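I opened my notebook to look at how the parts of this structure meet. I wanted to go from domains to chains.

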Amino acid sequence: MGQQNMIRVLASEGICPDGVEVIALAPWLGADEIVWEGALPLCALVSDADMPAFEKSALARFLRGAGVPVSDRLETVLGAAVLAEKQAAAALRAEQAALRQDYMRLQQSFAETEDFLNAAFAPTFTCARAWEPAGGEVSGAVEQRLPTGSIGLVAVDIWAKGKGQGRLCFGRLTGPDFGEEIALESGGEGWVRAMLPKPLAGLAEDVVIRVEADFALGLSLPIPLEYMHATGADAPLAMRIWKGLPGCRIPDMEPRGTRYVLPASSLPAPEVQGGTARLMSGRDAWSLHPGHDGKMDFVFRGIEVPSAANIAAYTQNFGPEPVTLSLADNAEEVARRNMLPPESHVQIDMFVTAAGTVDLHFKLRAASPLVSVFLRGVEIIPMAE
Amino acid sequence: MIAVVIPVWHHPVLVDEAVLSCLAQAGGPEAEIILVNDGCDLSQTRASLEGWAAAHSNITLLTQPNKGLSAARNTGIEQALKNPACKGVFFLDADNMLDPHAFQLFEKLLKTEPDYGWFYPQVDMFGMEVNYSNGNSWALSRLASINCSDAGSLVRREVFEQGLRFDTDFKQGFEDWDFWLGAVKLGFIGYPVIESFFRYRKRPESMVTGANRKDVLLRGQLRAKHAWLYGSNRLPDAWNEEYPRFCIVTTDGRIRIGSHPLRARTVSTEDFVAEVFHQRANPAESRFPPTLVFCAPEVLEGLAEAKILDSTFYQIEGALRHAPMAVVDISDGPRSIRAHGKVVDEGNRLLEADMIALSMHHLNAALDKEDMAPIISYLIEGATVLPLEVSYANPAKGGAPLEALMEAVGALLVSPMASVDFRQYANWRSPVFAPIGKDVATCNAGGRPALAPLGRGPHVGFAIQVFRFGGVEKCLVALAGALQAQGVTCHLFIYGVDDIDAAEWMFEPFEKVWILKNSALREWGGNRYMGTNDAEHPGEMLMGDMLGPLTQMNVVVNCGAGVLNHELTALRPRGIRLCAWEHITDSTPYGRSRGTPYITLGYEGLFDRIITCSQRLATRLGALGVPEHKLLPLPNGPGYEGAAVQRPARKGKLRIGFLGRFDPQKQVERFVEVAEALRKGFEFVLCGGEVFGKPVRLPDWLSPQPPIHSRKGLDDFYASIDVLLIPSRDEGLPLTILEAQRAGVVVLASNVGAVSEAVVDGESGVLLDPSNVVPAAIAALQALDKDRALLARMARNAAGKPDRWQQNAAAFIESLL
């Protein structure tokens, strides 16, 4: 199977200098079908005597088609080959330099993009899928196929049915796993997070998680796809699948006195007056469209706040027209109106003075119904009372 | 051990990534990487490949003159097969890549999936990054429609050992598609690998290189080569099996899924619910039927007994092209299936319907409403509905289908699956909606296939426009009966607009009856050929609906459904033999001959045989240009079975009868004229009615009997007369003559058409001069009245003929099957 890396030539008898591997020309001259195994000869050295037969042969057509030079002097061919290699090497160095520059520009652009996203208040994570617990459970070694591709995958939350420890790995159906096993610790029934050091990158692949824990795992509602069922169950694991950009911040699972984010998928369905609100699960955002008069009121009820806090709503105006949006904790209050310019990200704030349950009343006003606003989530930022 | 074959031409740089992806495998079997330089004229290619070959002992480099991708892969295959340890070959094009775990996966697949000949990847593209699903399950009809199996596939050694190679004639593309179809022909099937392992480099240029322009030509090349699939029932049968067309919910709680109501598999309510929600989440991967039908089980049984079950479901399916819902009202009457041309906004029609059909698309839209009340409201009140009317004798109706619909929706809503946002479990790869049904129809003469494969053949289909108790119909039934007795299965296709008015026994020889009623099927306003207007083309959709079920036949006999002639040639590539059956020419009021035989002459090249009802018509068509070998004269016999009657000589007044339509062709006026002249010495019996032409004025004393539609009625009628008078202006070879002769009745007939083939003047009846019918008839009747012995002798001579139809069937089989 292997090929030898050496100079070899196809040559008429007695025409080639010593020290070169010579393949006799004569046997090839009569060949009709040519499949050459291994490296092609550097050149064909053809004597005057063989030249007439060579010119008529399939071999001549084959060699010329493959760019193998035909000559009667090896030195000429070698000189040309060396020159060509030097030129090719120089060109390659030039291309490498250009690629290095491109790579640096790419890095710089990426950093700028990150800065822009941060400045635009856009969340750097998204809950790609959320399968809520439905009461069932499964225990032992459990494999669960994920319904998402691998790109950007950074964490999954699984539902622990009790206290205990375990481990989870992100893997392929066949082949090596993605990274090391992740230790799990559950303090009781609730979500347990397994987080990769950084989101998966590269080309999209199928992903499974494999879990072994001494606590039972909660199941979600049954779904019709058997290949999405957890091992030994007729439903998938209850899961939240998180995706993000490299280096992103992932929200805490439970309020712990520090700021945390409720992504759109974690907010309750809003009550809407005028217009429509639809959860875009693939993008983890509420898509909001006002009614024909450009007006829309909507309220998310029952948002738990652990203390006095600033509540920031992250919004994005996709439309070609400006929109005003206000946020208050009741329907009557005249809240400050925030302008959302076309194609903008805007953070809208509200302050609550004490712990408890709060309703988030939004009023959206636009000149026409031709606007499209995304609400990507709200961030709860505890403050001193 | 496996081999990876990498053909290289003009990818001197990108091939590095391909090779590197093979060398960077994380485990798996030993592999030989075979680089095939397909005569690339770039020195860079040569340098690259020779460098790789020099550096790695498991890389083999082969160089050949440029012959194209297929030949390069074939060269690699030959190299791979030299090693007896090689279990399979993977084809990696030079600009594509493998994932690091691919070889591990290959080893597992070769070991654990022995039933599959090859393993094909998901369509995971890089460059222009897109991920498409390969469908996640094998289906031949899908592969026939789109090349869902990328060339980047692992192929078992056994496939090559059967001699299969890439066809070097496919130089513009589709060589891999051709290869997979070739593998299927050899008995192998493919395995869609659901996990990623292969990366296809997608560049914008690949979208503009004219692939679409070439697509039509290449598909033509592919379909011609694989006629075993595209030009046969193999593809429709596979489609029916792989993609069920109906979900049938009956009022007894049974749920069936399948393409044919009586062959569908029964599923539990749980499975039904799961399949519906699977369809909502992953419509391109789901095999859930696009049409749901709700009815009582008695309705299915009744339709099957009437032999119109297939046709009814076929039309229901067709109706849902025009409206999201269809309702079927079933009534007692002659067989009929009629779809209204217009949809109506009358959801309340569902309340009284005997069958309700809705598209899965409509159900999906309703289920988006989430709660029972708005779902039902959307399904019923807001629906546009296409009504169908079906009738057959004594239909049993059973429970209300609306209740079955409610129960099915209820089962969907109470399922825990209804609480899950189905987008949460949608495949993360984009679906590929292959137009499989459309492509199957394209290859099926342009029409949707019938619902299920037929049983043992051969199968003969008779297509006719009008099906009543007429002579042409009785000939058709008689021949079908005789064919059936000789082992042929016959099917009846009634494609017209008129009501069917035929006796029950006339359907007996047919396994299935297909009915399509549409006013466009009787439009004789097309171009004139030899002075006779052709039928108009009814439009592609209607034509497809007619031709689709005909593709299952071995022979199609067109008995005057002129509209079919326009596209009947679409059946020819299927190996179906085509016939026309001609009976009669007519005369215009000015005496010019016209009729469907002339139209058939215009389509003569289309037909393998032209059947005639008489030798005389065959001779005439031969004289008009039909080659002799195409003519198949099947002279008529009596239109139904019966024994010959030998009558004693009769005394008393002779009874003279007329049987037939009161129209210009039959010339009942001449009969009346004769009757008026002889009424004192004879008795006259008139039987029939007006069909075409102006009303006939009859004398008060000659009140007609209504038309006869039963065999017994005919027997009684013939038994009641001594002489049958046929004073027609035009005739073929009338069945009434043959039936009357068998019954011992002497026939007096005007000597037109092929009447003389049945009546030998003076021996078995009397032939009347067509230009002098009335005086000749009067004279003949008076002579017979006087010479009763002659009358009896003529009756005996006529009654002794053998049954023609068994002979005709034998001739038909010999000539066409």
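My entries on domains and on the contact between chains follow.

**Entry 1: the domains of chain B.** I noted that this is a predicted model. I looked up how chain B is divided. I found domain 1 at 2-228 and domain 2 at 237-442. Domain 3 covers 459-633, and domain 4 covers 654-799.

**Entry 2: domain 1 and domain 2 of chain B.** I checked the centres of these two domains, taken over C-alpha atoms, and they are 41 Å apart. I then looked up their contact. On one side are 14 residues of domain 1, and on the other are 16 residues of domain 2. Which elements give two or more residues to the domain 1 side? I found β8 (130-132) and α5 (140-145) of chain B. The most comes from α5(B), which gives five residues. By class, I listed six nonpolar, seven polar and one charged residue on that side of domain 1.

**Entry 3: chain A and chain B.** I moved on to the contact between the chains. Chain A puts in 39 residues, and chain B puts in 44. On the chain A side, I listed the elements that supply at least two residues each: β3 (36-37), α3 (58-65), β6 (125-131) and β8 (142-149). I also looked up the classes there: 21 nonpolar, 12 polar and six charged residues.

Entry 4: I followed β3(A) into chain B. Two bridges join β3(A) to β3 (residues 59-64) of chain B. Do these strands run parallel or antiparallel? I wrote down antiparallel. Last, I looked up A:Glu37 and found its bridge partner in β3(B), B:Leu62.

Technical notes:
Residues are numbered from 1 along each chain as its sequence is written. Chains are lettered from A and ligands numbered from 1 in the order in which they are written. This is a predicted model: local features need pLDDT of at least 70, side-chain atom pairs count only at pLDDT 80 or more; totals for chains, interfaces and linings use all residues. Domain bounds come from an automatic or database domain assignment. Two residues are in contact if their C-beta atoms, placed from the backbone, lie within 7 Å. Helices (H or I, at least four residues) and strands (E, at least two) are DSSP runs, numbered from the N terminus. Ala, Val, Leu, Ile, Met, Phe, Trp, Tyr, Cys and Pro count as nonpolar, Asp, Glu, Lys and Arg as charged, and the others, Gly among them, as polar. Two strands pair if DSSP finds at least two bridges between them.
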